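I opened this notebook to record what I looked up, one topic at a time. The sequence and the structure come first.

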Amino acid sequence: ASAGPLCSGCKLVVSRMTNYIDGNMDRFANMTSQIIEADVCSRLPKSIADECDVIATTKLPEIVSDAVEKFLSPEAVCSDIHLCKKTVNALALGSGLECEACTKALKWI
């Protein structure tokens, strides 16, 4: 099913999505920062909430960019949802995201 229509369609959708995110990275990173600050940092104890806010505003754009590059490859995504056969490339790039804050951020993608 690697070259089937569902696989090809999935890769096209994921590719366009990543191109959209790349083309709008500043806007997307700002939006993600606001979400992280409101939904994650605001729920943390005050002693670490301020540090979380700083990370969300200063480091999150880089984190989002890296995550898009590493975890939203069309091959990895489409093989993870079983629309394409896993390739060596997809196995290397897919999975492995353990950070809870990162996982929450990626749910918004």
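**Ground rules.** I am reading a predicted model, in which local features need pLDDT of at least 70, side-chain atom pairs count only at pLDDT 80 or more, and totals for chains, interfaces and linings use all residues. Residues are numbered from 1 along each chain as its sequence is written, and side-chain values use heavy atoms, with hydrogens and water left out.

**Whole chain.** I looked up the secondary structure and found seven helices and zero strands, with helices (H or I, at least four residues) and strands (E, at least two) taken as DSSP runs numbered from the N terminus. Along the sequence the pattern reads α-α-α-α-α-α-α. Of the 109 residues, 31% count as buried, where buried means under 20% relative accessible area, exposed over 50%, and partly exposed in between (1.4 Å probe, protein chains only). I then looked at contacts, meaning heavy atoms within 4.5 Å: among those between residues at least 6 apart in sequence, 62% join residues at least 24 apart.

**Helix H1.** Buried in H1 are Cys7, Cys10, Val14, Thr18 and Ile21. They cover an arc of only 65° around the axis, which puts them on the same side of H1; the arc is that of the directions from the helix axis to the C-beta atoms. I noted beside this that an α-helix has 3.6 residues a turn, so residues three or four places apart point the same way. The face turned away from the buried side of H1 carries exposed Pro5, Val13, Arg16 and Gly23, while the cover over its buried residues includes H2, H4 and H5.

**Helix H3.** I made the same kind of check on H3 (residues 46–58), whose 13 residues should span 18 Å and whose end C-alpha atoms are 19 Å apart, which agrees. Ala49, Cys52 and Ala56 are buried in H3. Seen down the axis, the buried residues of H3 fall within an arc of 60°, so they line one face of the helix. They pack against H2 (25–39) and H4 (60–71), whereas the face turned away holds exposed Ser47, Glu51 and Thr58.

**H2 against H3.** At what angle do H2 and H3 pack? I found about 170°, with the axes 8 Å apart. That makes H2 roughly antiparallel to H3, a term for angles over 145 degrees. Ser33, Ile36 and Glu37 in H2 meet Asp53, Ala56 and Thr57 in H3.

**Leu60.** Is Leu60 buried or exposed? Leu60 lies in H4 and counts as buried, because its relative accessibility is 8%. Leaving aside neighbours within four places in sequence, Leu60 is in contact with Thr32, Ser33, Ile36 and Ile55. From Leu60 to Ile36 I read 24 residues in sequence and 9.0 Å in space, C-alpha to C-alpha.

**His82.** I found His82 in the loop between H5 (74–80) and H6 (88–93), and it counts as exposed because its relative accessibility is 69%. His82 and Leu6 are 76 residues apart in sequence and 9.7 Å apart in space, C-alpha to C-alpha.

Methods:
Expected span 1.5 Å × (residues − 1). Axes fitted to C-alpha atoms, helices over the stretch in contact; angles between N-to-C directions. Parallel < 35°, antiparallel > 145°, perpendicular 65-115°, else oblique.
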